[in-house]
Structures are given as C-alpha cells and as structure tokens.
Amino acid sequence: MKEFQYKNPTRATWAEDYSFLNNDLDNSKLEGDKNKKSNLKVTDLNLYIHQHHILKNVSLEIPDNKITCIIGPSGCGKSTLLKTFNRLIDDTEGIRYDGSIWVDDVDIFDKKTEITDIRKKMGLLSQRPCPLPMSIYDNITFGCKLHGIRNKKRLAEIVEEQLKAVGLWEEVKDRLHAPASKLSIGQQQRLCLARGLAVEPEFILADEATSALDPISSKHIEELFVELKKDYAIILVTHTLRQALRIADHVIFMYLGKVIEAGPADEIFNNPKEELTRKYLEGAFS
Amino acid sequence: MNRILKNKIAAGMMFSLTLASISLVVLIGMGLYLKSAPIFKEHSLWELISSADWQPSSGKFGFLPFIGGTLWITGIAVILALPVALLTSIFLSEHSKPYVKKWIFPALDILAGIPSVVYGVWGILLVVPWVSEVLAPHFVEYATGYSTLSGGIVLGVMILPLLISLFVEIFAAVPRDLRDAALSLGATRWQTSKLVILRKTLPGLLAAVMLAISRAFGETIAVLMVCGNIPLLPHSLFDSCYPLPALIANNYGEMLSVPMYESALMLAAFFLFIVVLIFNTSSRAVIYKLERKFQ
C-alpha cells in the first residue's frame, strides 16, 4: 500500500468527534434536550432469508450528524442491513431475524413499536429515483398529508422549503404541478430526497443513491449530504470507495454478512486494523 | 438460399398470416352488415334502436328492450364484481402470504374454467330462488326471480375470476421500489395501495374492466337461463329482461320464415360487434391519455 494520508476537508478532527462512541457517559445530556441526539444502535442482529444466513451477528452504532458509509463487496449484506433499519425488509419472502435495533431507545423489532413511526424517522433514497406517480408538488406533500398536515398554506411552505433545501426550487418552481416523471433523473433523485426530508426524519438512508446518476448529478447529491449532515444522521451504502473517501465521516466495512471493521473514516482509511479491510482498500488506492 | 432472402420469406409469410387474422374482423363485420342490410330498407336505424315494440310476425322490430337488457345486466355485473375483485386482488398482491396465493390462484383458475352452462344451472338453483324468495319480497309484491338482478349476479360471478387475475397481474407489475418509497415515508399498506398503487395502475385497471365488460356483453347461455327472456324494457331489478345474445341464441334457426327476421337477428349480432369494437377502441384511447398523464 502506498503512503497515503487521507483527510476529509469537510470534517472536524475525528478524535473529539468520536469520543462519545467509546464513552458510556453521554455528554449530550448535559447540553439539554434542545439538541436531541438521533440514535441508532444495532446489537447482535442475525438475518436469514430462507436458509441463507445474510447478516451475521451485526453490532454497530451510527453516530449522529455524520455521514456513515457502509462499504464492502457486492452481496455482503450492505443493502439488506440498510433496509432492516426501517424494516422494509419485512416484505421479503422467507425472512427471519433476531437481535435488536434500537432507534432512539426503542427496539424496532418489538411488537408494540409502530412501524410507520420508525419509517417516518428514516428518509429512504433508493438506487434509482422513484418518484410517486403524481405531480412534483404532490410528491413532496404526500408524506406530510399521511402524517396529518392538511393546512394548504403550511404544505406550500414545506414544498418550497424542502425544494430549496435540495436546490431544486429554482429549476421547478414554475412547474410544480407537472408530473414528477418529467424531471431528469438527477432532478428526480433530489426530489426523492426532498420528499423524504418533508416528513422530518432523523436519519437519511441512501442505498447507492448516486449509482444511477451522471457524475454531475451525483456530485450534487454528495454535496447535499455534506450539507445535510448538520441536521441528520446519514447512512450511505456505497459501491464506490472514492465516494466514501470523499464524504464519509464514519465507515463500516462489511464482508460476507459480517461487520469486519467500523470506525472513523480517517482511521479506517489510513490505518485499518483488519487484514481484510486493508486488502479491500488497497484495491481502491493502488 | 441466402440469409436475407430467408428472412424476407419468413417475414412475408408471418405478415400474411397476421393480415389474414386481422381481415377476419373486417370480414365478420362486413358479413353481419350485409346480412342485416335488408332491414334498413323498411326501417331506419333510429327507429330500430329507439322502439320498444318487438313483434316480428307483424314486422315490428324494436331493439330497445334487448339493448336495455344487455346494458342493465352488464352494469349490475360490473358494479357487483368490481369492488370484490379490487379488494381481493389488493389483498392477494399486497397483503397475503405466498402460501395463501398458492391456494387461491388455482381456485380462481377453476372458477374461470367452469363452463358457462354450469353457472346457468347454479343460477337457477340458487340465485333465482334467493332473489324471488328472500330479496324481492322486501321491494315488490311478486317476482319470479328470473330477473335482471339474477342475470347480473350470475354474470358478475362469471367475470370475477377474470377481473381478479387481470388485476393481480397489473399489481404485480408495479416495481417494488415504488412501494418502498411510499412505505418509507410512513404510509401504511392500505395507504400505499390506495394512494400510490391504484393511482399508478389506473390505466391498466380501466383496460381490464373494459375487457371484462366486452366479455360480459357477449356472455350468452348462463344469462339467458336466469334472466327470464321477456322482450320488455325492465323497469326494476326484479323485472325480467332479454339481452341481445340471448335473443340471437334463442331464435336463430327458428321462425326464419318470418320476413326480415333473420335480418333483424343479424342486426342484433352487428350491434354486439359494434359495441365491443367501440369499447375496445375507446378503452385504448382512455388508457393512452391516462398513461401520458400519470406516468
């Protein structure tokens, strides 16, 4: 491996940022409730589809206000893990799981947990943009209406606010009532992001969200992630190591259904502890 | 022989076969028209459609009761079958476990494969008595049960498996990403079906309903067994009626010595042909428009 010192310019030094991961004492409580921490923790998650053991003893923690990249070769269970976070995986045939995932101290596998509440907390951005079969405006208000916002003025505000947040407002403000499918694919993906943000989630789950996009659109999405991380915890599954290098704050490396190594990006990229991680990364750096 | 020539010959043969099957439509239409043409020498089209007076032996051919009967029965069938089919197929495609589907689909196939005369017998044994003894007494003084409603119920049951299997296929074509998108925003399954999937599939669903309607229009034997076959325009659901296909099936071959009678029956067939044609083309136009609007 070549001598490579990697440092993400968009990030503060990791040592202070990540102290809470090793610390049982939660400092955030001292800051008061105003700055509520989003919290996602997985403990001993095992997941099977029919007889296949897809996720093996996965335990990890997702830091708030960071971009967490889940990397690893195809078929290692990255996307499955992501879809387990909001339990979209439930629809898969022959699915079984045990272990627990804690979102803000609620176990999402608990029978009493309202699954729609969990999903509301997690905006999903899929590989290919998937606009709902309705207008741009209705795409954004769809989630809000589901959760009981009916006030027209408020809805219009949300639409403007969220479209501005993803930098789409100037491009579409004159055709808000045109079908969303008329937008370009890059615009559609930003619309999907805005649609997810409109229900005020705490997490953004992105499943290779830029892989279907052209380089400029994907740069746009990446920039958005970097900007949005101040308000959200972003979890990004990615195939492209370069993308992880560019924007990750925290990295989880998975291989054959196991979490091999997880930690701050600087540490993983510059100084991987595991042999497997090192080998995987060498492919990208050399 | 070289490759290009072979291709040309193959394409030419297939094209002529295609042309042959399409020209069949034109030929049938032409045949029906020519056979029914003589009646237009004595009666205008408007007179034939708008008159309710059906007395072939005195030369009076009013098709209104038959057209009305067909529309009534088809309407009732669709009104009864559509909600059931829609909810069943939503359940099957969105809610049910795989093993449930494994049991229900073969049952539906059997339902679709039952000969229509069996439906007719079932109608006479069960539906007609039920209508006459249980339902009708609440509304009218006397009813035989051989009625528009019975015809509609039997026809509704007959188009049900067709509608369900078409609907399930249409829902299955919706990409999973779309469901995931709606679910991940916190929609319940029902909200996802109602607000996203139904909306996305609306053109397809309409096409399926149109197809079922044109199937229902032509259904003959089961309906004629239960609907009473009296050539009067029905005034209530409990009155008998006489749909067009039943008219043709009951009378063709008999009484052809009556002048113009064959011609009148051919006109009935021609009406059916035209109605189905119009339904198919207009449904295509609707689908085309909707697809452009919603895609």
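Modeller: In chain A, 52% of the 286 residues are buried. Buried means under 20% relative accessible area, exposed means over 50%, and partly exposed lies in between (1.4 Å probe, protein chains only). This is a predicted model: local features need pLDDT of at least 70, side-chain atom pairs count only at pLDDT 80 or more, and totals for chains, interfaces and linings use all residues. Residues are numbered from 1 along each chain as its sequence is written, chains are lettered from A and ligands numbered from 1 in the order written, and side-chain values use heavy atoms, without hydrogens or water.

Chain A holds 12 helices and 10 strands. These are DSSP runs, numbered from the N terminus: H or I of at least four residues for helices, E of at least two for strands. The part to look at is helix 6 of chain A, residues 152-165. Its 14 residues should span 20 Å at 1.5 Å a residue, and its end C-alpha atoms are 20 Å apart, so the two agree. The expected span is 1.5 Å times one less than the number of residues.

Which residues of helix 6 of chain A are buried? They are Leu155(A), Ile158(A), Val159(A), Gln162(A) and Leu163(A). Viewed down the helix axis, the buried residues fall within an arc of 120°, so they line one face of helix 6 of chain A. That arc is taken from the directions from the axis to the C-beta atoms. The cover over these buried residues includes helix 5 (136-146), helix 7 (169-172) and helix 8 (185-197) of chain A.

Take helix 5 of chain A next. Gly143(A) sits in it. Gly143(A) counts as buried because its relative accessibility is 0%. Beyond its neighbours within four places in sequence, Gly143(A) is in contact (heavy atoms within 4.5 Å) with Val199(A) and Leu185(B). Gly143(A) and Ala198(A) are 55 residues apart in sequence, yet their C-alpha atoms are 7.0 Å apart. For chain A as a whole, 69% of the contacts with a separation of 6 or more join residues 24 or more positions apart.

Now the partner. Chain B has 11 helices and two strands. Of its 295 residues, 42% count as buried. Chain B exposes about 15600 Å², with 70% from carbon and sulfur atoms. For chain A the accessible surface is about 13700 Å², and 49% of that belongs to carbon and sulfur. Areas come from the Shrake-Rupley method with a 1.4 Å probe, and for residues only the protein chains shown count as cover.

Helix 6 of chain B covers residues 148-172 and contains Ile153(B). Ile153(B) is buried, because its relative accessibility is 17%. Leaving out neighbours within four places, Ile153(B) touches Leu80(B), Val127(B), Trp130(B) and Val131(B). Its C-alpha lies 5.9 Å from that of Ala77(B), 76 residues away along the chain.

Chain B also carries a nonpolar surface patch of about 730 Å², with Val25(B), Val26(B), Met30(B) and Ile274(B) among its residues. Helix 1 (3-36) and helix 11 (261-294) of chain B each give two or more residues to the patch. Helix 1 of chain B gives the most, five. Val26(B) lies in helix 1 of chain B and counts as exposed because its relative accessible area is 52%. Patch residues have over 30% relative accessible area and no salt bridge; like charges are joined within 9 Å, nonpolar side chains (Val, Leu, Ile, Met, Phe, Trp, Tyr) within 5 Å. A salt bridge puts a side-chain nitrogen of Lys or Arg within 4 Å of a carboxyl oxygen of Asp or Glu.
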